[in-house]
Amino acid sequence: MTKARGVLLLLAAAALLWIVASQTWIAAAPEATGTVPGVAQAAAESPENSPVLVACAAIVAVAALLLALLERIGRRVVGMLAVLAALGYAATALAVVLGPAAHTGWAAAGLVLGGAVAAAAAWVTWTSGRWQASARYDRSAAGADPDDPGDDPARTWDALSRGEDL
């Protein structure tokens, strides 16, 4: 897997996690009691209002972007963080599925999607070890020009005095 495909896979997975998190997971039972004057009506706590699901999706998205920027060790750490975030998403969905409230199919979809994203993040993390590190800005000592002023300010100033562009 290439770096671009791995990053795009995790970004798409994070978008799917966010979309599923924004759906209604718990089916509300019809209210049997009437309203009481002076008492505010409050909605039941439901996963679409939970910041945990959105935070897990955001962690996967940020981890995907960081994978493109970091070296080998950093990619392993950030990749495992993405795996843990996806597992946290799946655990939250599992708590809804096993909970006493009636749930919609979105909770089961969140459970399956959280597990799939965890597996995808683990796979991208594993294959990221074979990604080529960019050496675009590294200086090579083998191709050094002896007339190149390099980091010596005096030689740089003398080269500019002679009219040489650096």
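Biologist: Which helices are included in what covers the buried residues of α2?

Modeller: The cover includes α1 (3–21), α3 (72–98) and α4 (105–127). Keep in mind that this is a predicted model.

Biologist: Which residues of α2 are buried?

Modeller: Buried means under 20% relative accessible area. In α2 that gives L53, C56, A57, V60, A63, A64 and L67. Down the helix axis, these buried residues fall within an arc of 120 degrees, so they line one face of α2. The face turned away from the buried side carries the exposed residues P51 and L69.

Biologist: How many residues does α2 have, and what is its reach?

Modeller: Helix α2 runs over residues 51–69 and has 19 residues. From first C-alpha to last it reaches 27 Å, close to the 27 Å expected at 1.5 Å a residue.

Biologist: Which residues touch the most other members of the largest nonpolar core?

Modeller: That core has 19 residues, and L17, W25, V60, Y89 and V117 touch the most other members. Helices α1, α2, α3 and α4 each give two or more residues to this core. Take V60: beyond its neighbours within four places in sequence, its contacts are L10, A14, L17, A82, A85, A86 and V117.

Biologist: Why does the pair tie together separate parts of the sequence?

Modeller: W25 sits in the loop between α1 and α2, and Y89 in helix α3, so the pair links parts 64 residues apart in sequence.

Key: Residues numbered from 1 in each chain as written. Predicted model: local features only at pLDDT ≥ 70, side-chain atom pairs only at ≥ 80, totals over all residues. Heavy atoms only, no water. Helix = DSSP H or I, 4+ residues; strand = E, 2+ residues; numbered from the N terminus. Expected span 1.5 Å × (residues − 1). Buried < 20%, exposed > 50% of the residue type's maximum accessible area, 1.4 Å probe, protein only. Arc of directions from axis to C-beta. Contact = heavy atoms within 4.5 Å. Core = buried A, V, L, I, M, F, W, Y, C linked by side-chain atoms within 4.5 Å.
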